[in-house]
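Please view the sequence and the model before reading on.

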Amino acid sequence: MNILWFIIIGLLAGFLAGYIVKGRGFGLIINLFVGLLGAFVGGWLLEEMNVNLPFGEKIGYLITAIIGAVLLLLIVNLFKKKR
């Protein structure tokens, strides 16, 4: 995939993951960064599970990145200090 599309999809996934994991995100910038990392994590995870999404290429990548970003936000929240 084109690196520019990868970045755009990762940033969008981080933005959407921040809304999905309401109240547990870390702000816009960190959520966008988590979206980029989530694209890698989601891609690896779904590949290991042998899951192929039946959507178009870009939509499938977006869903994969959102899954990874949400998982990362939930995992990071386990280690986040309570105020």
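At what angle do helix α2 and helix α3 pack, and how far apart are their axes?

## Packing of α2 and α3

The model discussed here is predicted. In this model, helix α2 spans residues 28-48 and helix α3 spans residues 57-79. The two pack at an angle of about 110°, and their axes are 6 Å apart. Angles of 65 to 115 degrees count as roughly perpendicular, so α2 is roughly perpendicular to α3. The crossing of α2 past α3 is right-handed.

## Residues in the contact

On the α2 side, the contact is made by N31, V34, G35, L37, G38, A39, V41, G42, G43, L45 and L46. On the α3 side, T64, A65, I67, G68, A69, L71, L72 and L73 take part.

Sorted by class, the contact of α2 with α3 has 12 nonpolar and seven polar residues. It has no charged residues.

A pair of aromatic rings is described by the distance of the centres and the angle of the planes. The structure holds one aromatic pair. The ring centres of F15 and Y19 are 5.1 Å apart and their planes lie at 75°, so the pair is edge-to-face; the cut-off for that class is over 60 degrees.

Both F15 and Y19 belong to helix α1, which covers residues 3-20. They are four residues apart, about one turn of the helix.

Are these two residues buried or exposed? F15 has a relative accessibility of 36% and counts as partly exposed. Y19 has a relative accessible area of 52%, so Y19 is exposed, as the cut-off for exposed is over 50%.

Key:
Residues numbered from 1 in each chain as written. Predicted model: local features only at pLDDT ≥ 70, side-chain atom pairs only at ≥ 80, totals over all residues. Heavy atoms only, no water. Axes fitted to C-alpha atoms, helices over the stretch in contact; angles between N-to-C directions. Parallel < 35°, antiparallel > 145°, perpendicular 65-115°, else oblique. Left-handed = near helix turned anticlockwise from the far one by under 90°. Contact = heavy atoms within 4.5 Å. Nonpolar A, V, L, I, M, F, W, Y, C, P; charged D, E, K, R; others polar. Phe/Tyr/Trp six-rings, centres within 6.5 Å; stacked < 30°, edge-to-face > 60°. Buried < 20%, exposed > 50% of the residue type's maximum accessible area, 1.4 Å probe, protein only.
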